[in-house]
Amino acid sequence: MQFPTMRGLIARRLLVNYRVDPHTLRALLPSPFRPKLVDGFGMAGICLIRLEHIRPTGLPAFVGLTSENAAHRIAVEWTDTSNRTTEGVYIPRRDTNSRLNTLVGGRLFPGMHHHADFHTTTQSNQLQIACTSDDGTVTVSVAGHIAPALPRTSIFPSVAAASRFFERGSIGYSTARDRHALDGLELRSQEWHVEPFAISRVTSSFFDDTARFPAGTVTFDCALLMRKIAHTWHRREPLSIDGNEAG
């Protein structure tokens, strides 16, 4: 079945970003990906996104679905079949509170999804999000508030520089039900706008795992918030693990 173009609203998208030793990241990436670097560091993180009115293009908004979702992401580059360098993200894990997404993910919708419970609290310019997967593999807890600037310790010299970096990562490839391929999905935003978000607390079973990220190889860098962004989702051709299009 051909995946239809989907549209909806990004009610809230929080990007929690870490700078990572590139050698550590390479061990986590399947072919054909390599880490996309910023001043010698790789970038990885968690995308915590609330989607509203998600439905096939052409249908009215009131029939659309709402969901809370978490995607663990690594910024990557790869060389395509035309020998061009392409940018995007590799997503080793997707979690959602939508039972429908877990059912159709990797079948009708690109990318496998795991079910999780989400708890969110919003007050004025403050936000708290907690996520716990049913299988006990993933836990995330984030709290913070909208800020005027990035942390002084961020590798990015400005909000504009960080915005450009993450905007270019609109193509995501994630685990497919076919273990020899990766599902592709592209996010196209009608407007791209990010705000700095100051983190007061962040824990992640993924990034706090010292077996995966030995001490000194991963450091929180910054967080960015997007709100009320109209967008569409487009299927991309799957990639085989060896880097060729799987068609």
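By the grid rule used here, the count comes to one cavity of 30 Å³ or more. The rule works on a 1 Å grid over the protein atoms alone: a cavity is a set of points where a 1.4 Å probe fits but cannot get out, while a pocket is an open set with protein on both sides within 12 Å along at least five of seven lines, and lining residues have an atom within 4 Å of a point. Points are joined across faces, edges and corners, and a volume is the space filled by probe spheres set on them. The structure is a predicted model, in which local features need pLDDT of at least 70 and side-chain atom pairs count only at pLDDT 80 or more, whereas totals for chains, interfaces and linings use all residues. Residues are numbered from 1 along each chain as its sequence is written, and side-chain values use heavy atoms, with hydrogens and water left out.

The largest cavity comes out at about 120 Å³. Its lining runs to 17 residues, with Arg-73, Ala-75, Val-89, Phe-165 and Phe-166 nearest the centre. S1, S4, S5, S6 and H3 each put in at least two residues (helices, H or I with at least four residues, and strands, E with at least two, are DSSP runs numbered from the N terminus). The top contributor is S4, with five residues. Sorted by class, this lining holds eleven nonpolar, four polar and two charged residues (Ala, Val, Leu, Ile, Met, Phe, Trp, Tyr, Cys and Pro count as nonpolar, Asp, Glu, Lys and Arg as charged, and the others, Gly among them, as polar).

Next, the open space. The largest pocket has a volume of about 710 Å³. It is lined by 39 residues, and Leu-51, Ile-54, Phe-109, Leu-185 and Trp-233 sit nearest its centre. Elements giving two or more residues to this lining include strand S1 (6-20), strand S4 (41-56), helix H2 (99-104), helix H3 (159-167) and strand S11 (181-189). The largest share, seven residues, belongs to S5. The pocket lining splits into 23 nonpolar, eleven polar and five charged residues.

On to the packing. The largest nonpolar core has 35 residues, and Leu-14, Phe-33, Leu-48 and Phe-207 make the most contacts inside it. Here a nonpolar core is a set of buried Ala, Val, Leu, Ile, Met, Phe, Trp, Tyr and Cys residues joined through side-chain atoms within 4.5 Å, and buried means under 20% relative accessible area, exposed over 50%, partly exposed in between (1.4 Å probe, protein chains only). Among the elements supplying at least two residues of this core are S1, S4, S5, strand S7 (114-123) and strand S13 (218-240). Apart from this core lies another, of 29 residues, among them Met-43, Ala-71, Val-194 and Met-226. Leu-48 touches Arg-12, Arg-13, Leu-14, Asn-69, Ala-70, Ile-129, Val-140 and Val-142, leaving out residues up to four places away in sequence (contact means heavy atoms within 4.5 Å).

As for charge pairing, a search of the whole structure turns up 16 salt bridges, each a side-chain nitrogen of Lys or Arg within 4 Å of a carboxyl oxygen of Asp or Glu. Arg-93 pairs with Asp-135, the closest N and O atoms being 3.1 Å apart. This pair links distant parts of the chain, 42 residues apart, with Arg-93 in strand S6 and Asp-135 in the loop between S8 and S9. Arg-93 is buried at 11% relative accessible area, but Asp-135, at 44%, is partly exposed. Glu-186 is buried too, at 12%, and its side chain meets that of Arg-188 in a salt bridge of 3.5 Å, N to O. Glu-186 also forms a salt bridge with Arg-236, with closest N and O atoms 2.9 Å apart. That link spans 50 residues, from Glu-186 in strand S11 to Arg-236 in strand S13. Both arginines are partly exposed, Arg-188 at 42% and Arg-236 at 30%. Elsewhere, salt bridges that share partners tie Arg-12, Arg-50, Glu-52 and Glu-68 into one network.

Finally, Ala-147 lies in the loop between S9 and H3 and is buried, with 13% relative accessible area. Beyond its neighbours within four places in sequence, Ala-147 is in contact with Pro-196, Phe-197 and Ala-198. Ala-147 and Ala-223 are 76 residues apart in sequence and 9.8 Å apart in space, C-alpha to C-alpha.
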